[in-house]
Amino acid sequence: MRAAIVALLATGAHGFYAQVLHAQVRVVNMIPAMFGDETTWNPEPTLAVHPTDRSLLAASSFLLGTDVCEGRTLSPMLVSRDTGKTWSVVCNIPTPGLAGLPPQDVVMRWGSRGRRLYAAFIWSLPGHPQSLQVFSTNDVFSPRPMQFLVGHDTVDQPDLLVIDRKGHDRVMVAGSYKDSIPRTAAILWADDPTGPTQFKRIDLEHRKIGEQDFAVRLDAHASGRVYALYDAVPFEYKDNNTTFLDVVVARDDAGGASKNPFAALREKPRPSSPANCPIGDGLPGVRVVRCRPYAYDGWGAVRDTFGFQRRVPVQLSVATDPTDKRGNTVYVAWADSSGSDHQRVTVAKSVDGGQGWRLLLSIPNAMNPSVAVDSLGRLGFLFQQLAYDSVANRWVTRLLVTRDDMQHAREYVLSTTPALLDLVRMQPYIGDWTELHARGSEFLGVFSAANIPDSANFPNGVVYQRRASFADRMLLVRRPVDDSLRVDQLAPSIDPFFFSVRAAESPECGTLRTALAGSPAPVPSLTTLPRAIPDSSRRRMTQIGCDQQ
Amino acid sequence: MGLAVNRSAASTRWALVAACAIALIGPRATHAQLITIDRLADSLGKLRRTSTFAFRARIDSLRASTVPGIPASAHTIAVTPTVSLQCPQAVGVYAGQPLTVFVEDTTQLAPLQEWWFFASGWVIGDHIGVRSVARFHAARADSALERDFLGPNGPRAQLAHHLDDTVFVVTGRISLDSVRPNVGTTIQRIINRGATAISFPFIRGTVMRTPVEAHLDSTFNVAVPFSLIQTPLLQVPDAYQHLLFLLHVTLNEPGNLVTSGPKPPYMLRSADDILPIADSAGVAAVIATLPKGTFGAPPTDFVTQCGTLPP
């Protein structure tokens, strides 16, 4: 309790609270106080965690800089200097010709020693469609725009990885590079880049495929191993009405600079392999699963059947286990539509460097999977699951933290917010991804959700920097007006949220266990949404991360 | 390739700004005020398109910072705005709140002086930091600013004119079933005045009216083109495209509009909240495309917040 009070006091008088925070879990609406009149749509958040300065974080979301930053040339990012308690908008992402849309598919990472922040995003310029842009800065608060590093036309879904190579930043920019035929997953990389000529290219795909038009995700292990996770449309398995995908893992054992890069992992023949989608061709890149159907929603196809959220095959995540010294333990997560539900997210594990895979958990009606492994070897699995409701469906942002491959897990509900037609601006509704990072034994992450300030929407509490009335469940204009005839209500929208989850249990868990001792209720399946759990103590335990046995 | 495009655009822009700044604050401008005012007005227009903040401020101290985390340096000064002329929508009015200005140099600046600053956003958190694009000593700039921003041909006046003939401004999707009596009365008053259509400054909509009477079940239907919502590039290139501004005549009471179907995202604001939008370069560009009418007197209850010049 003391820790909770300290946490409350430490945040000062600026925040608006749903309730006293649990010290172990912090959820923060990232819209800054002085930016509190914004009503735009901020999905697809990304987070960069500084490797040495624990207080320093950078983040991005769809943020429009048109009338805030310098005319039509800059867009904002979000920066925190107090480990996510408060955030500031900083105008430093160059977006020349800005007109109505913020930079897209933004990803940001700090260099391995924290000297520079790198940002990659998609920005279409005249004559340069869907252009990848990569920038960096040595001071996120600099009044100067970030420095341009490289541009490349027709790229989608970039991911950034920056690793330490003998004191230098090796910058790797993965993505779907559409200038190849067929389109292919590829990586641009350079050491301590200062300009475009230094970048070299690695094409990841070694197979004959239909195309690769979607995401690529990277993660590195301290051993120098780099894993790349991507999906590809199988060449031999086609259906005009359905998109089929292979989920592929490639590996490089020399920081991405092997003589034959990302070819360390070759697919071995398997005893049983489906005839129409065989596995075991001996080529680089192991296919974790093959020929998975995937729904693809066009612009006009999005309905409330999936919470107004589109389904596109960009949802991938990969994480290595830092406690495995050799870097053999790796987790992947992806989404597909293989079940009868609208979309399913699945997490799988390999303990042999990506050769063999075991499925750990599959969550129905969910999206935006993100995995990370902490210094205790615990797997964090973040996703957003749709809870169907007769009044309004809800997007429930859940984090599972497990030590035993999802046999048991601490479950956290970080938000449960309504999916409302009113908040739909365009697609994606709340974004095509979330991000989860581990720092020591702490998990840090970002997600987007409806910003209606209702304490029932945030079981672990929440801090709003912008003005909000939890009593009236409404956002308020930043500067209250004196005229009593006026109403200070501000339109709700989609906002980015930051969260951190520490290793310790909430003190409330002990009380709940005591309450349960008299009338034991069964431990629910991890796929079960807390709202479906009848026992109130057990339900609460699945919201605030209690160990359950 | 991207580099060339980026730097070319940035260089041109900064060259323009620099030229404006030199023209505005240079010694020759000081000595040729009649000529300078014309040039000043012309340059102010350019500055309006480049800057996102414009305010008159008192310099509190040089080599100072009001933003936590931003260290004081030879390029940072602490000021307190007394007037905020141009306000980003997400920030709103900031007069009276100390802020930090990043300046290239502090020539001629001293504490307690009053200056107009044209600036762009730098850091916006619990406090505001901006980058100065240009600055003018307050004593010389007031008249030109008044003419350019607040005069009868300025964007503020044009928007005020549009507001005068507009019951509400729709920038998103809305369908109304009914309006409360005071709104119905206002609509009737506008109709009686001879208006044949209600204009939507940002989206041209068709207004289908049924006879409006001053009772609770008055029906007022509005159709707004949906294509603008589904094609984001066609939206106004600014941050206002999803707001419904309810004008002062409704007294901002929620429930004055009853929507058919799901409640749209909206924002209850009065005329004095809307007028600052005219100072946004993006919205001003849209307003400039609209037919201009006769500029009428401002509403009697008009109380400016962002855009008042000192008496």
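Strand 18 (residues 243-252) of chain A is mostly covered, with ten of its ten residues buried. The covering extends to both faces: on one side Thr243(A), Leu245(A), Val247(A), Val249(A) and Arg251(A) are buried, and on the other Phe244(A), Asp246(A), Val248(A), Ala250(A) and Asp252(A) are buried as well.

Strand 18 of chain A pairs with strand 17 (residues 226-234) of chain A in the antiparallel sense, over seven bridges, and in this pairing Leu229(A) stands opposite Val249(A). Strand 18 of chain A is also joined to strand 19 (residues 286-294) of chain A, again antiparallel, by six bridges, with Val247(A) standing opposite Val289(A).

In soluble globular proteins, nonpolar side chains tend to be buried together. The largest nonpolar core of this model has 200 residues, of which Ala58(A), Ala59(A), Ala119(A), Val173(A), Ala228(A) and Val332(A) touch the most other members. The element that gives the most to this core belongs to chain B: strand 4 (residues 114-124) of that chain, with eight residues.

When residues up to four places away in sequence are not counted, Ala119(A) touches Ile93(A), Val106(A), Met108(A), Phe135(A) and Met146(A). Ala59(A), another of the residues that touch the most other core members, is in contact with Met30(A).

## Met30(A) in its loop

Met30(A) is found in the loop between strand 2 (25-29) and strand 3 (46-49) of chain A.

Leaving aside neighbours within four places in sequence, the contacts of Met30(A) are Ala59(A), Leu78(A), Trp87(A), Asp495(A), Pro496(A), Phe497(A) and Phe498(A). By contrast, the C-alpha atoms of Met30(A) and Arg410(A), which are 380 residues apart along the chain, are separated by 25 Å.

## Helix 3 of chain A

Helix 3 (residues 536-544) of chain A is mostly covered, seven of its nine residues being buried. The buried residues are Arg538(A), Arg539(A), Arg540(A), Met541(A), Thr542(A), Gln543(A) and Ile544(A). What covers these residues includes strand 2, strand 27 (410-418) and helix 2 (508-517) of chain A. Just after helix 3 of chain A, Gly545(A) takes a positive phi of about 80°.

Thr83(A) has a positive phi of about 55° although it is not a glycine. Thr83(A) lies in the loop between strand 5 (74-80) and strand 6 (88-94) of chain A, and it counts as buried because 20 other C-beta atoms lie within 10 Å.

Asp105(A), likewise a residue other than glycine, has a positive phi near 55°. Asp105(A) is placed in strand 7 (residues 104-110) of chain A, and Asp105(A) is buried because it has 24 C-beta neighbours inside 10 Å.

## Chain B and confidence

The secondary structure of chain B comes to nine helices and eleven strands, and 47% of the 311 residues in this chain are buried. Among contacts in chain B between residues at least 6 apart in sequence, 70% join residues at least 24 apart.

The model as a whole scores ipTM 0.91 and pTM 0.82, while chain B averages a pLDDT of 55, with 31% of the residues scoring at least 70. The pLDDT is below 50 over residues 1-38 of chain B, a stretch that has 44 contacts in the model beyond near neighbours in sequence. Over residues 193-271 of chain B the pLDDT is also below 50, and this stretch has 210 such contacts in the model. Where pLDDT is low, the predicted coordinates should not be read in detail.

How values were computed:
Residues numbered from 1 in each chain as written. Chains lettered and ligands numbered in written order. Helix = DSSP H or I, 4+ residues; strand = E, 2+ residues; numbered from the N terminus. Buried ≥ 20, exposed ≤ 12 C-beta atoms within 10 Å, placed from the backbone. Contact = placed C-beta atoms within 7 Å. Pairing = 2+ DSSP bridges. Core = buried A, V, L, I, M, F, W, Y, C linked by C-beta atoms within 7 Å. pLDDT = per-residue confidence, 0-100.
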